[in-house]
Amino acid sequence: MPEPTLTLSDRIKARFGEQALSVVEARGETTLEVPAAAFRDVALALRDDADFRFECLIDLCGVDYLSYGEDEWDTADVSSEGFSRGVEGQGAGRFTWEDRPRGKGPERRFAAVVHLLSITHNRRLRLRCFALDNSLPVVPSLTAVFPVSNWFEREAFDVMGIVFEGHPDLRRILTDYGFVGHPFRKDFPLIGNVEVRYDAEKKRVVYEPVSIDPRVGVPRVVREDSRWQAAQAEQAQVKK
């Protein structure tokens with residue numbers, strides 16, 4: 001009898017052993033999580049090993065898991081007029097990482113997530129690495145493995161505050177000069193901290209505290225889509 005073909009997840013587990021903290025397949029996508037100490041070495045192996053050949057890094061971003069799995073629908077009063085935009089809920093920005101609701105999110109707050117593409121094998125892989133320190137998140141830079149990650153890492157540093165150790169020129173790339181904070185963090189106020197206007201008397205642009213009262217936007221909750229389960233059931237019937 002022919003031996004069963006190993007899946008991508010099986011090959012990853014066999015190749016990386018304890019370096020693979022988790023390998024998850026969901027909705028046809030494979031996610032490999034590795035510790036920060038092994039981030040660069042695993043990325044290099046995924047690029048060069050013949051079984052993988054993930055030659056292309058197509059995306060790299062930072063993720064803030066501060067309010068992962070939480071929404072404000074459970075705490076908000078919903079009337080016939082809809083959801084109140086001024087609701088005082090328990091969403092991100094109104095609790096710290098230490099005081100967050102427990103049980104739904106990971107143990108670490110910040111992660112770097114990389115999407116890899118193998119042209120040789122026509123496969124995709126998501127590689128994730130959590131920073132150990134929540135107050136100053138640091139992960140290794142992948143610029144030595146995938147030079148294209150240079151600007152991706154600068155963007156993640158700018159908007160999320162993740163430091164990529166070993167990056168040749170880690171500086172802001174999107175925000176203005178002198179910008180304070182990282183605007184894509186979940187606890188960064190939606191209205192910002194300062195506003196900019198031109199002062200005719202001073203004949204220059206000035207920064208001032210925002211003049212808008214803080215508001216809570218309508219929460220966007222990603223819910224399960226039954227169409228996925230229906231498609232899987234239809235495929236199972238076809239195979240039978």
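Which residue forms a salt bridge with Arg 109? The partner is Asp 187, and the closest N and O atoms are 3.2 Å apart. By salt bridge I mean a side-chain nitrogen of Lys or Arg within 4 Å of a carboxyl oxygen of Asp or Glu.

Some ground rules before I go on. This is a predicted model, so local features need pLDDT of at least 70 and side-chain atom pairs count only at pLDDT 80 or more, while totals for chains, interfaces and linings use all residues. Residues are numbered from 1 along each chain as its sequence is written, and side-chain values use heavy atoms, with hydrogens and water left out.

Back to that pair. Arg 109 and Asp 187 link distant parts of the chain, 78 residues apart. Arg 109 is in the loop between strand 5 (82-83) and strand 6 (110-118). Asp 187 is in the loop between strand 9 (163-165) and strand 10 (194-199). Helices here are DSSP runs of H or I with at least four residues, strands are runs of E with at least two, and both are numbered from the N terminus.

Buried or exposed? I use relative accessible area: under 20% is buried, over 50% is exposed, and in between is partly exposed, with a 1.4 Å probe and protein chains only. Arg 109 is buried, at 7%. Asp 187 is partly exposed, at 38%.

Next, Arg 197 and Asp 199. They form a salt bridge with the closest N and O atoms 3.5 Å apart. Arg 197 is partly exposed at 37%, whereas Asp 199 is buried at 10%. Shared partners also matter for the bookkeeping: salt bridges join Asp 64, Arg 109 and Asp 187 into one network.

How many salt bridges does a search of the whole structure find? Ten. One of them pairs Glu 29 with Arg 126, at 2.9 Å between the closest N and O atoms. This one also links distant parts of the chain: Glu 29 is in strand 2, Arg 126 in strand 7, 97 residues apart. Both ends are partly exposed, Glu 29 at 43% and Arg 126 at 22%.

Now the rings. Rings of Phe, Tyr and Trp (its six-membered ring) pair if their centres lie within 6.5 Å; planes under 30 degrees apart are stacked, over 60 edge-to-face, and the rest tilted. That rule gives four aromatic pairs. Take Tyr 65 and Phe 130: the centres are 5.3 Å apart and the planes sit at 40 degrees, so this pair is tilted. Tyr 65 is in the loop between strand 3 (56-64) and strand 4 (78-79), and Phe 130 is in strand 7, 65 residues apart. Tyr 65 is buried at 10%, and Phe 130 is buried at 8%. Phe 179 and Phe 188 make a stacked pair, 6.0 Å centre to centre with 25 degrees between the planes. Phe 179 is partly exposed at 28%; Phe 188 is buried at 15%. Tyr 65, Tyr 68 and Phe 130 form one aromatic cluster.

Last, helix 1, residues 8-16. Leu 8, Ser 9, Ile 12 and Phe 16 are buried there. Why do they fall on the same side of helix 1? Because they cover an arc of only 100 degrees around the axis, taken from the directions from the axis to the C-beta atoms. In general, an α-helix has 3.6 residues a turn, so residues three or four places apart point the same way.

The buried residues of helix 1 pack against strand 1 (22-26), strand 2 (29-34), helix 2 (39-48) and strand 7 (123-130), where contact means heavy atoms within 4.5 Å. After helix 1 comes Gly 17, with a positive phi near 55 degrees.
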